[in-house]
Amino acid sequence: MPNADQGKLTGQAAIVTGAGRGIGRAVALRLMREGAAVAIADIAIERARQTVSAIEESGGRAIALSVDTASRSSVDAMVASAAEAFGRIDILVNNAAIARSAPFLDQSAEDWADHIGINLSGVFHCSQAAARVMATAGYGRIISITSIAGMMGPLDFPAYGAAKAGVIGLTRAMALELADHGITANAIAPGPIDTELLREAWSPAAYSARAQHIPVARLGQADEIAYAVLMLAAPEAAYITGVVLPVDGGAAAAGSYMSEKFRRRSVEAPG
Ligand SMILES: NC(=O)c1ccc[n+]([C@@H]2O[C@H](COP(=O)([O-])OP(=O)(O)OC[C@H]3O[C@@H](n4cnc5c(N)ncnc54)[C@H](O)[C@@H]3O)[C@@H](O)[C@H]2O)c1
């Protein structure tokens with residue numbers, strides 16, 4: 001493991017939203033290991049403090065910030081605090097999100113608004129606020145965590161899927177406009193990753209069967225998303241912008257053919 005002051009991101013500062021647990025926490029730790037100072041921004045401040053402790057124990061620099069990404073004033077305060085603490089913002093990782101399932105016919109308007117507010121408007125608020133700071137320096141990396149549910153029709157997650165598809169559209173728009181300011185904007189679309197969000201959103205039966213619906217026949221790990229974030233956050237990634245990178249064990253590549261692969265697997269290993 002590289003020393004905290006010897007990495008690719010030495011001297012840089014990052015904000016990772018929703019970094020109190022799961023993928024965001026793994027991303028924050030990965031960026032720290034490459035030398036970045038990291039603002040751990042989460043609506044659950046106690047979780048954020050735990051991630052900060054883990055970073056400090058590894059010799060890195062981090063601060064915990066309370067934020068509700070759905071609230072513009074909360075996001076503005078969070079970005080201002082990070083910029084003041086570190087004197088710069090080089091990297092923003094839009095990771096905070098919620099995922100609640102409901103069949104389309106039962107989808108409540110309230111839950112719909114929560115998903116759009118946190119998962120899509122939250123990406124807009126954080127990106128615009130951070131990009132205004134990045135633009136003054138003429139450099140930035142915005143990486144938004146969408147989902148393969150934003151690339152294909154998810155079952156029982158209409159609000160989540162719509163918000164994540166919106167993140168892809170916003171990423172492309174930002175890539176075009178922010179290019180003039182030295183800022184790249186990209187999205188990562190994870191397949192199912194073994195985190196608490198997934199365990200809370202799926203039944204135990206769906207959870208255990210799901211691996212067989214992935215070409216590589218396993219769920220992904222949070223560190224595997226963190227690795228992709230690091231790749232897009234690096235200074236060397238300057239020519240990559242406006243892309244959506246699936247990190248999904250081949251799920252998006254398989255598309256509807258996965259159902260046939262699943263059938264064959266079931267025949268080969270019944271029960
Ligand atoms: N886990 C998966 O299988 C999977 C798959 C595809 C995409 N994703 C995406 O990856 C990201 C991280 O997912 P995860 O599995 O680590 O989730 P998680 O639920 O484990 O962590 C999400 C974090 O975001 C925080 N958060 C929630 N609402 C917030 C708000 N309004 N403001 C600030 N913080 C808020 C939570 O407190 C939590 O710490 C999300 O964008 C999710 O949609 C996850």
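**Notebook entries on a predicted model**

**Entry 1. Helix α10**

I began with R263, which is partly exposed with a relative accessible area of 46%. I note the cut-offs here: buried means under 20% relative accessible area, exposed means over 50%, and partly exposed lies in between, with a 1.4 Å probe and protein chains only. I worked on a predicted model in which local features need pLDDT of at least 70 and side-chain atom pairs count only at pLDDT 80 or more, while totals for chains, interfaces and linings use all residues. Residues are numbered from 1 along each chain as its sequence is written, and side-chain values use heavy atoms, with hydrogens and water left out.

Which residue does R263 meet in a salt bridge? I found E260, with an N to O distance of 2.8 Å between the side chains. A salt bridge here is a side-chain nitrogen of Lys or Arg within 4 Å of a carboxyl oxygen of Asp or Glu. E260 counts as partly exposed at 27% relative accessibility. Both residues belong to helix α10 (residues 258–268), where they stand 3 residues apart, about one turn of the helix. Helices (H or I, at least four residues) and strands (E, at least two) are DSSP runs, numbered from the N terminus.

**Entry 2. Overall build**

I recorded 10 helices and 7 strands for the protein. For 271 residues, a compact globule would have a radius of gyration near 18 Å, and the protein agrees at 18 Å. That radius is taken over C-alpha atoms, and the globule rule is 2.2 Å times the number of residues to the power 0.38. Along the principal axes, the C-alpha atoms fill a box of roughly 60 × 45 × 35 Å. Of the 271 residues, 49% count as buried. I also looked at contacts, meaning heavy atoms within 4.5 Å. Among those between residues at least 6 apart in sequence, 73% join residues at least 24 apart.

**Entry 3. Salt bridges elsewhere**

Side chains of opposite charge can pair when their charged atoms come close. I counted 12 salt bridges in the structure. In one of them, the side chains of R21 and E196 meet at 3.3 Å, N to O. R21 lies in the loop between β1 (13–17) and α1, and E196 in helix α6 (residues 196–201), so this pair ties together parts that are 175 residues apart in sequence. Both partners count as partly exposed: R21 has 22% relative accessibility, and E196 has 44%. R21 and E196 are also linked with E200 in a network of salt bridges.

I then turned to D111 and R100, whose side chains form a salt bridge at 2.3 Å, N to O. D111 lies in helix α4 and R100 in the loop between β4 (91–94) and α4, so the pair ties together parts that are 11 residues apart in sequence. D111 is buried, at a relative accessible area of 15%, whereas R100 is partly exposed at 35%.

**Entry 4. H115**

Is H115 buried or exposed? It is buried, with a relative accessible area of 0%, and its place is in helix α4 (residues 109–137). I checked its polar contacts, which are pairs of N or O atoms within 3.5 Å; within protein, one must be able to donate a hydrogen and the other to accept it, and residues adjacent in sequence count only if both atoms are side-chain atoms. The H115 side chain reaches the backbone nitrogen of R100 at 3.1 Å and the backbone oxygen of D111 at 2.9 Å. Leaving out residues up to four places away in sequence, H115 touches I98, A99, R100, L120, A159, Y160 and A163.

**Entry 5. Helix α2**

I compared the length of helix α2 (residues 45–57) with expectation: at 1.5 Å a residue its 13 residues should span 18 Å, and its end C-alpha atoms agree at 18 Å apart. The expected span is 1.5 Å times one less than the number of residues. Which residues of α2 are buried? They are A48, T51, V52, A54 and I55. Just after α2, G59 takes a positive phi of about 90°.

**Entry 6. Y239**

I located Y239 in the loop between α8 (222–233) and β7 (244–247). Y239 is exposed, at a relative accessible area of 84%. Its C-alpha atom is separated by 8.1 Å from that of T184, 55 residues apart along the chain.
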